[in-house]
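Welcome! Here is a short tour of a model you can follow on screen, starting from a single side chain and moving on to the nonpolar cores.

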Amino acid sequence: MSENRLRVAVTRRIFPELIDFLRARYEVRDNQADAPLSPQALREHLRDADGVLATGGDRIDAALLEACPRLKVVSNIAVGYNNIDLDACTAYGVAATNTPDVLNEATADHAWALLLAAARRVGEAERFVRAGQWKRWEFEMLMGADLYGRTLGIVGMGRIGRAIARRAQGFAMRVLYHNRKPLPSELAGAAEYRSLEVLLAEADHVIVVVPYSPQTHHLIGARELARMKPSAVLVNIARGGVVDDAALVEALRARRLFAAGLDVFENEPALNPAFLALDNVVLTPHIASSTRATRQAMADLAIRNLEDVLAGRRPAALLNAEVWDRRRR
Ligand code: DGY
């Protein structure tokens, strides 16, 4: 990288025109191979960078920051930021940013895609047809679970949770939600607050949308799954680790739960192999926000965040405000 231009590293492949945009302004080190970088390769990739466009798979911790003395900004192209040690960023004076809001609607759509697919056994039915097993119409063939007029439980009523709740109106569903605290009524709308235990027992179907943290690790485990109705569908679009996958496998296998729709997994992409043997689970590879327009909007916001920090402006989606306050002092 040349000496006098600011240096930006991009850890995964993004749209080529975005790389061109960055190259017109910065020295850019991209990753055309698009393979996830090992911790050592990531350190090497960021060693002399002033800023980085990172993704959820890049672990940004103190060891990495120590090895990257020029780094001023970690701009995550994701709303989730459990890959970033925010305290370490603050300690090293590095601004951390994310991409809230721009992915709410696409992610809510995907939560509904999983809920519908799991409830109406779409994956299983498609496999059945493709395997040439459909020989005749049968009255009780592949009967699914009802959504219309039922009760939906949303665990995590943030911006994406509320976008999911809005869609429930079209299905005439009553919506219950659980958060650390009840929301003001202008945000909750018609949705009713419940403790987690009560929500799990009362809801016909449950969608989990909370960020991952040590506090939400295995928030939904064997005990919580046992509270749910055996006719219920569980959808996880939050983060792997919020649901205890081994406990979920057991509940699905024993038909203590009707079905699940999962976009995120513990240790992804190496998901628990037992899921693959189950018909009552719909699996997608962490794509809830993956539409062309949404990916574009996420990248645009991440680039704006990065440019702002590098130009000395406070970025719109700053995660560690202390860093900025300290700069100003
Ligand atoms: C997010 O934005 O957090 C999505 O999960 C993509 O990583």
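The side chain of N320 comes within 3.0 Å of the backbone nitrogen of A96. Please keep in mind that this is a predicted model. A polar contact also links the side chain of N320 to the side chain of T90. Both distances are set out here:

| Atom group of N320 | Partner | Distance |
|---|---|---|
| side chain | side chain of T90 | 3.3 Å |

Where does N320 sit in the chain? You will find N320 in the loop that runs between α12 (292–310) and α13 (321–328). Is N320 buried or exposed? N320 counts as buried because its relative accessibility is 1%, under the 20% cut-off. Once neighbours within four places in sequence are set aside, the residues in contact with N320 are L86, C89, T90, V94, A95 and A96.

Now for the nonpolar cores. The largest one holds 55 residues, and L53, L152, I154, I164, I207 and I237 have the most contacts inside it. Helix α5 (residues 104–119) supplies the largest share of this core, with eight residues. Domain 1 (7–102 + 292–323) and domain 2 (104–283) each give at least three residues to this core.

Not counting residues up to four places away in sequence, I154 touches G161, I164, A165, V175, L176, Y177, H178, L199, I207 and V209. There is also a second, separate core, made of 30 residues, with L196, V206, M228 and V281 among them.

Notes: Residues numbered from 1 in each chain as written. Predicted model: local features only at pLDDT ≥ 70, side-chain atom pairs only at ≥ 80, totals over all residues. Heavy atoms only, no water. Helix = DSSP H or I, 4+ residues; strand = E, 2+ residues; numbered from the N terminus. Buried < 20%, exposed > 50% of the residue type's maximum accessible area, 1.4 Å probe, protein only. Polar contact = N/O pair within 3.5 Å; in protein donor to acceptor, adjacent residues only side chain to side chain. Contact = heavy atoms within 4.5 Å. Core = buried A, V, L, I, M, F, W, Y, C linked by side-chain atoms within 4.5 Å. Domains from an automatic or database assignment.
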